[in-house]
Amino acid sequence: MTAPILLLDGASMWFRSYFGVPSSIKAPDGRPVNAVRGFLDAIATLVTRERPRRLVVCRDDDWRPQWRVDLIPSYKAHRVAEAEPDGVPDIEEVPDELTPQVDMIMDLLDAFGIPTAGAAGFEADDVLGTLSVREQRDPVVVVSGDRDLLQLVRDEPTPQVRVLYLGRGLAKATKWGPAEVAEQYGVPLDRAGAAYAELALLRGDPSDGLPGVAGIGEKTAATLLAKHGSLRNILAAANDPRSGLAKAHRSKLLGALDYIAAAETVVRVATDAPVVFSTPTDTLPLAAGDPARVAELAAAYGVSSSISRLQSALDRLPD
């Protein structure tokens, strides 16, 4: 079986590590390192479970891109801790004890030589989407606790893309493909990923500040997509008085055309982000690139045991 490329949603994973690992986990100097330890242990578990030869930690270089805000001003507005001038990413509301741990994680990844990737003006979702679409060789496993990324699943064209969804934690993570998305959400199997994005658009997502179409919930959105096949066909039916679309649905959809037009770009992940890597390739190193620096950082942060677990997982991979 061909080894997959693992694409990790960095922010999603270290947020989950921060809230999932006790805050009593601290470095020798007293700094909290629960997110650091949880993130490293998660990578070790993923390496053991998926046996990849390539791995990329995808970064949120702009967690709230201006081009999305220009289309829907409410997009993630409730998460802004401090607004910045145009052209400068707003500061996201993040727990005070997590921010310095992200820097620790990035320092360790850099010293180890584990690839990271980001794109100026784009979210991690867009980096994940771009790398998924770009991949032409190995099966892709996207690792995230964000359901929005279910839109990336595909069987064709090959290679396939699966999402390892962390919504219930890594121990209970489930792998989603088109069949699972279609079964769970009632969307057409032949375009399950794209249809999930359309369902999310219609339903809305309060966690991202997306209002959705008033009066169209998840069940109704799924029913409309199952019947008509796509958002384009739904809107065609709404504009055709002979289509048989329920009057109430027609009224709600036609009343939300401006929102739908804007939300299509906001909800769909970009697949053409200008991705930049931290390393020359996306190959997963089998040993630390700078072992002395890794050992120094691990000792300072009190995560030497996590580094050992990661190395043990890498040692079990084939050369």
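How many salt bridges are counted between domain 1 and domain 2?

Reply: The count between domain 1 and domain 2 is one salt bridge, meaning a side-chain nitrogen of Lys or Arg within 4 Å of a carboxyl oxygen of Asp or Glu. This is a predicted model, in which local features need pLDDT of at least 70 and side-chain atom pairs count only at pLDDT 80 or more, while totals for chains, interfaces and linings use all residues. Residues are numbered from 1 along each chain as its sequence is written, and side-chain values use heavy atoms, with hydrogens and water left out.

First, the two parts. Domain 1 covers 5-178 + 270-315 and domain 2 covers 193-267; these bounds come from an automatic or database domain assignment. Their C-alpha centres are 31 Å apart.

Now the interface. In domain 1, 14 residues are in contact with 19 residues of domain 2, contact being heavy atoms within 4.5 Å. About 1300 Å² is buried between domain 1 and domain 2, and carbon and sulfur atoms give 54% of it. That area is the accessible area (1.4 Å probe) that two parts lose on being put together, summed over both. Seven residue pairs are in polar contact between the domains, both residues at pLDDT 80 or more. Such a contact is a pair of N or O atoms within 3.5 Å; within protein, one must be able to donate a hydrogen and the other to accept it, and residues adjacent in sequence count only if both atoms are side-chain atoms.

Salt bridges next. Arg-79 forms one with Asp-208; their closest N and O atoms are 2.6 Å apart. The whole structure holds 21 salt bridges. Among them is the pair Glu-135 and Arg-54, at 2.8 Å between the closest N and O atoms. Glu-135 sits in the loop between H5 and S6, and Arg-54 in strand S2, so this pair ties together parts 81 residues apart in sequence. Helices (H or I, at least four residues) and strands (E, at least two) are DSSP runs, numbered from the N terminus.

Those elements belong to a wider layout. Seven strands form an open sheet, ordered S8-S7-S6-S1-S2-S5-S9, with mixed pairing. Two strands pair if DSSP finds at least two bridges between them. Strands S8 (174-176) and S9 (276-277) stand at the edges with a single partner each, so one side of each has no neighbour in the sheet. S1 (residues 5-9) and S2 (residues 54-58) run parallel, joined by five bridges. Leu-8 has Val-57 as its bridge partner in S2. Helix H5 (residues 124-134) packs on the sheet and touches S1, S2, S5 (116-118), S6 (140-144), S7 (161-165) and S9. The direction of H5 makes about 165 degrees with that of S1. Axes are lines fitted to C-alpha atoms, for helices over the stretch in contact; angles run from 0 to 180 degrees between N-to-C directions.

Some backbone details remain. Most residues other than glycine have a negative phi, and most peptide bonds are trans. Arg-51 is not a glycine, yet its phi is positive, about 55 degrees. Arg-51 lies in the loop between helix H2 (34-50) and S2. The bond from Glu-156 to Pro-157 is cis, with omega near -5 degrees. Thr-158 and Pro-159 are also joined by a cis peptide bond, with omega about 5 degrees. Pro-157 lies in the loop between S6 and S7, and Pro-159 is found in the loop between S6 and S7.
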